[in-house]
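Dear colleague,

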Amino acid sequence: MAGTMPGVAAAATIELPIVPGFWTNDTEKCASVHHGYVFDGSRWGALYYYGPGGTMGPAAELEPITQARAVADGFTQMQFGGYDGAGYFRIKPAGIDRALYRVGAPFRDEIQETDETLMRCSLASLSPKMKAAMQRFAPAVVK
């Protein structure tokens, strides 16, 4: 769509050490998951249903990745919107269809890190409503 609008360029493909798709915590079951992350080749962010039992939504918070660069310990850091402040979002592969997602957030005089072990769910393994959310918010992954 961006390519058809005057003055709007199509998003550039960003190289991350993971493949595009739907990623969720490795403690979830793909068939019943109602929250996770999407990498569509140029954007990263949350895709989820909310409310009691994930009955409301879907909602998406996908941001264009403006830069990706290798950092310590095998991680790749994602930068969004040209801002590279004290906080960070990093990802590194942890096996086939597995990744470690690290978020660093400023807190007082330090950076607090949170790690999540993620797994990639195939589109075929997702529920019909999560597939519909993927089609709506990340059509490049669904094609």
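Please note that this is a predicted model. I begin with Met130, which touches Phe22, Val33, His34, His35, Leu47 and Tyr49, leaving aside residues up to four places away in sequence. Besides the core to which Met130 belongs, there is a second, separate core of 14 residues, including Ile14, Tyr37, Ile91 and Tyr101.

The largest nonpolar core has 15 residues, and the members that touch the most others are Phe22, Val38, Leu47, Cys121, Leu126, Met130 and Met134. At least two residues come from each of β3 (43-50), β8 and α1 (128-137). The greatest contribution is that of α1, with three residues. As background, nonpolar side chains in soluble globular proteins tend to be buried together.

Turning to the strands, β2 (residues 35-39) is largely enclosed by the rest of the structure, because four of its five residues are buried. Strand β1 (residues 21-25) pairs with β2 in the antiparallel sense over three bridges, and Trp23 stands opposite Tyr37 in β2. The pairing of β2 with β3 is also antiparallel, over five bridges; here Val38 has Gly45 in β3 as its bridge partner. These two strands, β2 and β3, form a hairpin with three residues between them, and Gly41 in the turn has a positive phi of about 105 degrees.

The count of salt bridges comes to four. One of them joins the side chains of Arg120 and Asp97 at 2.9 Å, N to O. Arg120 lies in strand β8 and Asp97 in the loop between β6 (88-93) and β7 (98-107), so this pair ties together parts that are 23 residues apart in sequence. Both are partly exposed, Arg120 at 27% relative accessibility and Asp97 at 30%.

Arg102, Glu113 and Asp115 are linked in a network of salt bridges. The closest N and O atoms are 3.7 Å apart for Arg102 and Glu113, and 2.7 Å apart for Asp115 and Arg102. Arg102 is buried, with a relative accessible area of 13%, whereas Glu113 is partly exposed at 44% and Asp115 is partly exposed at 39%.

Finally, which buried residue has no salt bridge? Glu116, in strand β8 (residues 110-121), is buried without one, and Arg102, the nearest side chain of opposite charge, is 11 Å away. The side chain of Glu116 does make a polar contact of 2.9 Å with that of Asn25.

With kind regards

Terms used: Residues are numbered from 1 along each chain as its sequence is written. This is a predicted model: local features need pLDDT of at least 70, side-chain atom pairs count only at pLDDT 80 or more; totals for chains, interfaces and linings use all residues. Side-chain values use heavy atoms; hydrogens and water are left out. Buried means under 20% relative accessible area, exposed over 50%, partly exposed in between (1.4 Å probe, protein chains only). Lys and Arg count as positive and Asp and Glu as negative; His and the chain ends are not counted. A polar contact is a pair of N or O atoms within 3.5 Å; within protein, one must be able to donate a hydrogen and the other to accept it, and residues adjacent in sequence count only if both atoms are side-chain atoms. A nonpolar core is a set of buried Ala, Val, Leu, Ile, Met, Phe, Trp, Tyr and Cys residues joined through side-chain atoms within 4.5 Å. Contact means heavy atoms within 4.5 Å. Two strands pair if DSSP finds at least two bridges between them.
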